[in-house]
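Here is a colleague's note for someone opening this structure for the first time. Please keep the sequence and the 3D view at hand while going through the points.

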Amino acid sequence: MIISASRRTDIPAFYSRWFFNRLREGYVLVPNPYNPRMVSRVSLKPAWIDCIVFWSKNPAPMIGELDQLGDYKYYFQFTLNPYGREIERKLPSLTERLKIFKTLSDKIGKERVIWRYDPIFINEEYSISFHKDAFARIAFELKDYTDRCTLEFIDCYSHIRPAMAKFNIHSLEKEVIEDVVSAFQEIASEFAIKLNTCATKINLGYLGVSEDACISQSLIEQITGYSISARKDKNQRLFCNCIESLDIGMYNSCLNGCVYCYANKECYDKIRRNGEKHDVNSPLLIGSVSDEDIIKDRNVRSFRIEQSSLF
């Protein structure tokens with residue numbers, strides 16, 4: 001199987017010690033997001049994990065511990081945006097995050113660190129011109145440290161619309177997206193960075209930008225060295241091209257404080273209190289097992305072609 005760690009929260013930034021404890025224990029407990037008392041027990045044994053996909057805006061706390069992943073294949077989706085503290089409230093400075101990106105790339109190889117410029121939105125302060133200049137500056141800094149960049153545009157989910165409205169952020173028109181992507185493609189080509197999109201409703205292939213996936217079959221096959229057989233992930237958005245994976249994170253637990261975050265539906269104080277319930281020794285990311293929890297083993301299998309199922 002493919003482990004997503006995690007679309008729901010920033011495990012490398014805030015929960016890396018817990019994550020490595022779970023690897024040593026060989027399993028993790030994952031509550032159903034819609035029925036938290038229903039809990040899946042997921043094996044984390046190397047034989048059945050084809051790849052781990054880490055999602056982070058600040059993986060610095062994990063970098064020094066990556067040697068513990070010697071039995072696993074993995075890569076990082078590293079989100080690196082140029083927004084200010086009013087938008088991405090708890091992140092280190094852009095300068096510091098660029099250093100972290102380069103350190104990670106030097107340690108594991110640039111093919112395993114994917115730059116995400118996501119989400120892209122436009123308002124009075126963050127204009128099209130701003131994004132073109134910012135993208136060029138970051139691409140110049142990262143040209144020797146990554147060979148891929150994934151773009152995604154703001155998706156104004158209902159629970160973030162009030163926060164978005166305060167900054168005059170709205171969904172983008174087709175013409176604006178095309179203008180931005182056309183400029184980005186020219187910049188990325190100059191620095192030999194392959195540009196792609198995921199979950200974008202507009203086909204931008206005519207601009208030379210491919211529709212790819214964040215959890216990408218071709219990239220995972222490149223990293224693992226073998227072919228896999230996996231379906232499109234039916235649990236993601238309609239236009240998302242990612243293949244199926246199992247997410248081990250929990251919503252309402254990311255402490256980055258980004259105002260556009262789709263994974264947090266509570267106020268930041270509630271998120272912080274959830275973080276205080278975190279126990280590095282618990283099999284659950286947040287809190288501990290209760291007598292009311294119903295725990296069932298999750299059937300898992302490797303996607304490696306010609307390899308049989310564990311269960």
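Predicted model: local features only at pLDDT ≥ 70, side-chain atom pairs only at ≥ 80, totals over all residues.

1. The secondary structure of the protein chain comprises 9 helices and 11 strands. Its radius of gyration is 19 Å, close to the 19 Å that the globule rule gives for 311 residues, so the protein chain is as compact as a globular protein of that length.

2. In what order do the strands of the open sheet of 8 strands follow one another? The order is 9-8-7-6-5-4-1-10, and the pairing is parallel. At the edges are strand 9 (210-211) and strand 10 (246-247), each of which pairs on one side only. Within this sheet, strand 5 (residues 74-79) and strand 6 (residues 113-120) are paired in the parallel sense over 4 bridges, and Gln-77 stands opposite Ile-114 in strand 6.

3. Two helices that pack on this sheet deserve a look. Helix 5 packs on the sheet by touching strand 6, strand 7 (148-153) and strand 8 (194-197), and the direction of helix 5 makes about 170° with that of strand 6. Helix 8 (residues 217-224) also packs on the sheet, where it touches strand 1 (2-5), strand 4 (51-56), strand 5, strand 6 and strand 7. The direction of helix 8 makes about 135° with that of strand 5.

4. There is also an open sheet of 3 strands, in the order 2-3-11, and its pairing is mixed. Strand 2 (27-32) and strand 11 (294-297) are its edge strands, each pairing on one side only. On average, and with direction ignored, neighbouring strands of this sheet are turned by 30° against each other. Strand 3 (residues 35-43) runs parallel to strand 11 and is joined to it by 4 bridges, with Arg-41 standing opposite Asp-297 in strand 11.

5. How do helix 5 (residues 128-142) and helix 7 (residues 174-190) cross? Their axes come within 10 Å and cross at roughly 25°, and the two helices are therefore roughly parallel to each other, since angles under 35 degrees count as such. Helix 5 passes helix 7 in a right-handed crossing. On the side of helix 5 the contact is made by Ile-128, His-131, Lys-132, Phe-135, Ala-136 and Ala-139, and on the side of helix 7 by Val-176, Asp-179, Val-180, Ala-183, Phe-184, Ile-187 and Ala-188. By class, this contact has 10 nonpolar, 1 polar and 2 charged residues.

6. Helix 5 also meets helix 4 (residues 94-108), with axes that come within 10 Å and cross at roughly 35°. The crossing of helix 4 and helix 5 is right-handed. Leu-94, Leu-98, Phe-101 and Lys-102 in helix 4 meet Ile-138, Glu-141 and Leu-142 in helix 5, and the residues of this contact divide into 5 nonpolar, no polar and 2 charged.

7. Ala-192 lies in the loop between helix 7 and strand 8.

Conventions: Residues numbered from 1 in each chain as written. Heavy atoms only, no water. Axes fitted to C-alpha atoms, helices over the stretch in contact; angles between N-to-C directions. Parallel < 35°, antiparallel > 145°, perpendicular 65-115°, else oblique. Left-handed = near helix turned anticlockwise from the far one by under 90°. Contact = heavy atoms within 4.5 Å. Nonpolar A, V, L, I, M, F, W, Y, C, P; charged D, E, K, R; others polar. Pairing = 2+ DSSP bridges. Rg over C-alpha atoms; globule rule 2.2 N^0.38 Å.
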